[in-house]
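Welcome! Please take a look at the structure below, and then we can walk through some of its details together.

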Amino acid sequence: MLISNRIKDLRVSPIRKLIPYTEQCENKGINVIKLNIGQPDIETPKEFFDAINNFKDKTIAYSHSRGSKEFIESTIKYYKKLGIEYEYKEIIATQGASEALMFVMMAVCNANESIITPEPFYANYRTFSDMVSVDILPITTYAKEGFKLPKYEDFKKFVKPHTKAILLSNPNNPTGRVYSEEELQTVIKIAEEFDLFIISDEVYREFNYGKTPFVSFAKYKEVEDRLILIDSISKRYSCCGARIGNIASKNKILIEALMKLSQSRLSAATLELAGASGLIDVPESYLKTTLEKYRERKDVLFNRLKSIEGVHCNEPEGAFYAIVKLPVDDAEKFVIWMLENISVNGNTLLVTPIKDFYVSEDLGKDEVRVSYCVGPDEINKAMDVLEIALREYNNKDSN
Ligand SMILES: Cc1ncc(COP(=O)(O)O)c(C=O)c1O
């Protein structure tokens, strides 16, 4: 019996593929500081648990395929607070932004049609697109330009006859860029000219530290029919394991298509939808405090990285990741070597090599993504490991 080529050819998640090496370290009693994933350590708001405790039904039934009434209504209220208007029938609850992205790719593209997205990109964009036989057309963005999108004339060249959409993670995972209004306007102009959907993945909306204010595409009336908003409670409220996200769109035909997909998987998780509905009561101070914590973490990380010889990193403006260029030929080889050979006061470090965050061959070979979802002390310990590891790695060849 054979499994499908579709699955055989699927890339192993670059974020998770080094886990076996970390298990070996842990078996030897070495603590692995995991700056490889975007798993926040901040406590989930108590309002989430309160709402679950108040769940009164005796049976955990399926919810409506669109999502429970409470969840949709609380999502409408959340958007309203941001000055964004969506109606009931314009929102669909999903199992995280992950399911939302898969559904949207399926609903927007036929097999072998394409979606444009800037690279480096969140690696699962490619996993999802491969699963549904959709091509990712990358627009390479560069650290030396602050990962800025190209100007209109250059951007335009990336649109091909089978292109259906532009997908943007804003604030961006992994680059930390928050796109300016000028960049958003370029995307809008291209989308209008070539009749494309705009898929705006705004799961890091609240995480913005730089000078550029975050602006949602939902603020632009002129593209409301072509905009598909992707959202999630995973990062905003440290609720990754709840697996609740949503799609919002004013395009009726698209929503009908997405409802067919939602109905085929019956419903999102009923109890977690109840918990997520409770999040509307979380005081504003929770997000403010969370943002300040991340800002401090970002500052600690960035200042330490700046001081390590041969390391280059742009100061992240948003989300909670930094792309770091290392003075090594092959970042993956280095990270494995670090896990196997370096322990500083009982700690070693896992970060994510990012060549698979690019479609273009040979890009990102010497780069890693570092997340700052842990406290300043952990970040400092992690940077002690990185500094020593780089020194020893580069000395070993010269000895
Ligand atoms: C840019 C981006 N989009 C979507 C997701 C998926 O989020 P969820 O946990 O809601 O599935 C992630 C997760 O890290 C992400 O970084």
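This is a predicted model: local features need pLDDT of at least 70, side-chain atom pairs count only at pLDDT 80 or more; totals for chains, interfaces and linings use all residues.

A polar contact is a pair of N or O atoms within 3.5 Å; within protein, one atom must be able to donate a hydrogen and the other to accept it, and residues adjacent in sequence count only if both atoms are side-chain atoms. Residues are numbered from 1 along each chain as its sequence is written, and side-chain values use heavy atoms, with hydrogens and water left out.

**Around the ligand**

The ligand is surrounded by 15 residues, and the closest are Ala 97, Ser 98, Asp 201, Tyr 204 and Ser 232.

| Residue | Part of the residue | Distance to a ligand oxygen atom |
|---|---|---|
| Ala 97 | backbone N or O atom | 2.7 Å |
| Asn 173 | side-chain N or O atom | 2.7 Å |
| Ser 234 | polar side-chain atom | 2.7 Å |

Asn 173 has another feature: its peptide bond to Pro 174 is cis, with omega near 15 degrees. A cis peptide bond also joins Asn 170 and Pro 171, with omega about -10 degrees. Pro 171 is in the loop between β5 (163-169) and α8 (181-194), and Pro 174 is found in the loop between β5 and α8. Helices (H or I, at least four residues) and strands (E, at least two) are DSSP runs, numbered from the N terminus.

**A pair of packed helices**

How do helix α5 and helix α6 pack, and at what angle? Helix α5 (residues 96-108) and helix α6 (residues 124-131) have axes 9 Å apart and an angle of about 45 degrees. Axes are lines fitted to C-alpha atoms, for helices over the stretch in contact, and angles run from 0 to 180 degrees between N-to-C directions. Therefore α5 and α6 are oblique to each other; angles under 35 degrees count as roughly parallel, over 145 as roughly antiparallel, 65 to 115 as roughly perpendicular and the rest as oblique. On the α5 side, Ser 98, Leu 101, Met 102 and Met 105 meet Tyr 125, Phe 128, Ser 129 and Met 131 of α6, where contact means heavy atoms within 4.5 Å.

Conventions: A residue is near a molecule or strand if one of its heavy atoms lies within 4 Å of it.
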